[in-house]
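Here's a quick tour of one model, from its ligand shell out to its domains. Have a look at it first.

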Amino acid sequence: MRYGETGFNLEIDLTRGNIERVETDPKMTELYLGGLGTSAKIMWDRVGPEVKPFDPENLLIFSTGLLGGTPCPGANRTIVMTVSPQTEFIQYSAMGGFFAPELKYAGWDKIILRGKSPKLVYIYINNDKVEIRDATHLSGKGAVEVQDLIRKELKEPRAHVAAIGLAGENKVRFASIEQGRSSASRLGLGAVMGDKGVKAIAVRGTKDINVARPAELMEHCNWLMDYMMWRMDNPIPKTMPILAILGSPQEMLETDEKWHTENFVWGNARTRRKDFWSKEIEEEWTRTQLAVRTRLISCYNCPIKCGAVLTIPEQGAYMMKCFTKLTYALGAMVDSLEFSLRTAQRATEYGVDGFSAPQVMAFAFELKEAGILTDKDFEGTDEYPPCPEDNGGRFNWLLDRTVRRQGIGNILADGVYAAARTIGNGAEVYDHNTIRKHEQTPLKLGMINPIYYVMYCTNEKLNITQIEGQWPQMPFRDPADREAFVKDWFQVPDDRFKEWLLKWEPKGEFALPYYPGINEICEIVDWMERMHYIDNATGVCTGLSAFHPKPPYHIHNYPKIISAATGLDMDEETLTKFTKRERQLVRSNNVRRGWRREDDTPPLDHWAKRLPEYEKQILDAYHVFKGWDMDGIPTKETLHELDLDYIAEDFEKRGIYKNG
Ligand code: SF4
């Protein structure tokens with residue numbers, strides 16, 4: 001009997017319309033757990049470096065995590081993996097909501113899509129019964145709207161539906177996949193779904209999942225739930241509001257946006273408005289937020305309620321995605337929260353990433369101000385009106401053009417990096433906030449923070465909002481606050497982490513950028529990354545684990561929870577070895593695609609003060625710490641220790657190892 005997982009993947013060849021039920025090898029679970037780990041292995045085995053994002057051989061994998069659908073609170077993530085049309089690396093994005101548990105209850109661990117459908121279809125999974133159904137009548141429908149239409153058509157109000165909007169259908173390279181209470185937004189995964197001709201996947205499941213030791217697992221789950229409720233009632237003192245309680249993050253509960261509005265940057269990631277958050281703005285934004293926030297909602301099996309349904313007058317209801325509350329207003333240089341919320345609703349129906357899309361629009365207007373784009377690019381045609389003059393109006397006009405690939409929008413639909421190179425004429429200079437061709441969070445900060453520097457440089461997820469971790473973002477000024485913080489910080493791997501935090505000062509010898517020191521930086525980043533990799537394999541929400549300073553899931557209880565659910569023999573050492581294996585496998589997939597040390601570079605002007613020599617030392621040390629050579633390639637010894645010799649052999653054959 002399989003525990004935690006179903007032991008079956010659903011494979012669909014869209015070209016032939018072939019549907020297969022594939023039993024998986026339990027050994028894969030022992031080596032790679034599930035979720036990201038097993039998906040990365042499938043990609044390694046079946047998607048070579050020659051496969052491009054829109055080739056039929058590219059796979060689009062929707063994966064549950066190993067704990068998904070078990071009683072473990074917050075184990076509800078769907079990890080979506082493919083070759084990204086933006087970066088051409090193998091990437092992934094995790095969405096919350098209800099999709100993954102429902103998929104498991106239908107009897108499947110993963111959906112693996114290959115090939116391309118000759119016409120637009122949607123997939124209906126009802127336990128063992130799987131159908132590919134015509135979706136031509138749904139073409140052009142919004143990514144949220146279509147979910148309801150499909151549920152009505154199927155007469156199955158309890159089906160959970162993941163869908164794309166117009167942007168995905170038109171292969172906009174920052175198109176998202178939307179799903180009820182969450183989305184897989186980053187890296188253009190929706191464009192791959194559109195290219196495969198899949199408008200949506202609807203799933204309904206009513207089966208059970210077996211767990212190995214139910215009574216023991218329930219004890220852990222009860223503790224997790226108790227801790228979660230306690231933490232919500234007892235915010236961490238002297239910590240920014242969205243991190244003081246649990247969640248991922250609590251943007252629609254909190255109304256205080258001083259930190260984000262003054263540290264995220266406006267327009268094309270250029271302008272910092274240090275005094276933006278005035279009393280008037282605070283009052284107006286709070287009033288607006290509370291007026292449209294219909295209710296706070298949670299994902300499957302989680303009481304935290306960090307999502308919200310927003311009902312915008314004269315527009316539809318939708319769920320706010322991570323910080324799109326702010327990104328549209330910031331990108332458009334508009335002071336109104338209402339503008340952001342209205343635009344975010346349209347953008348969610350179009351199905352675009354809420355971080356990339358506003359940056360693409362703002363980039364275009366910066367090019368216009370610089371004379372690189374001209375009035376002609378913003379003229380109307382028989383199909384659409386000319387671009388309005390006001391900031392908000394022109395922003396929405398450009399969003400409309402981009403998702404339809406009309407006029408200049410056809411170029412912008414490929415994202416900032418590609419558009420800058422297509423436009424040329426100096427436009428490349430305005431591409432300054434991308435990492436590996438992907439728009440990053442628009443931040444502009446002072447002195448470089450080495451911990452964030454390493455995360456930005458080396459993380460595969462390419463998304464700082466999803467790789468932040470448990471180490472506090474800033475030191476506590478008062479030593480008494482530090483003492484108080486470490487007192488119940490049982491989530492740390494060991495007590496050295498507490499000692500480092502106790503010594504960490506805002507200024508002087510023990511301040512950033514030289515304290516914590518290089519060895520400590522390596523250990524801190526490695527710990528935070530380890531937690532993310534466990535979350536992405538188990539399907540647990542990072543808002544209850546890796547993202548939070550004091551989360552319920554941590555490195556000490558995770559092995560016991562995984563073991564009770566799955567029966568796997570697991571302790572901290574085994575789990576750490578597993579995450580190292582998963583991490584090297586994910587990186588190796590991309591090393592094979594050409595990812596090297598020079599790709600480990602943060603956005604150009606993310607920090608005002610950079611320290612090139614010191615940055616090099618840190619990165620050198622981190623490469624050694626991770627078992628990579630100075631070119632960023634996992635060494636043969638590292639791979640051997642982790643039972644990944646097949647990767648070393650592949651690198652050898654391809655001539656990736658330059659020095660034998
Ligand atoms: S913490 Fe928030 S995002 Fe995470 S599972 Fe719970 S409700 Fe969903």
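## Around the ligand

The shell around the ligand has 7 nonpolar, 8 polar and 1 charged residues. For the classes, Ala, Val, Leu, Ile, Met, Phe, Trp, Tyr, Cys and Pro count as nonpolar, Asp, Glu, Lys and Arg as charged, and the others, Gly among them, as polar. That makes 16 residues surrounding the ligand, with C299, C302, C306, C541 and G543 the closest; to be near it, a residue needs its C-beta atom, placed from the backbone, within 6 Å.

Keep in mind that this is a predicted model: local features need pLDDT of at least 70, side-chain atom pairs count only at pLDDT 80 or more, and totals for chains, interfaces and linings use all residues. Numbering starts from 1 along each chain as its sequence is written.

## Domains 1 and 3

An automatic or database assignment sets the domain bounds: domain 1 is 8-204, domain 2 is 249-439 and domain 3 is 447-469 + 517-654. The C-alpha centres of domains 1 and 3 sit 25 Å apart.

Contact here means C-beta atoms, placed from the backbone, within 7 Å, and 37 residues of domain 1 meet 27 residues of domain 3 that way. On the domain 1 side, α1 (26-32), α2 (36-46) and β5 (90-95) each supply at least two residues; helices (H or I, at least four residues) and strands (E, at least two) are DSSP runs, numbered from the N terminus. The most come from α2, with 6 residues. By class, that side of domain 1 divides into 20 nonpolar, 12 polar and 5 charged.

Notes. Contact = placed C-beta atoms within 7 Å.
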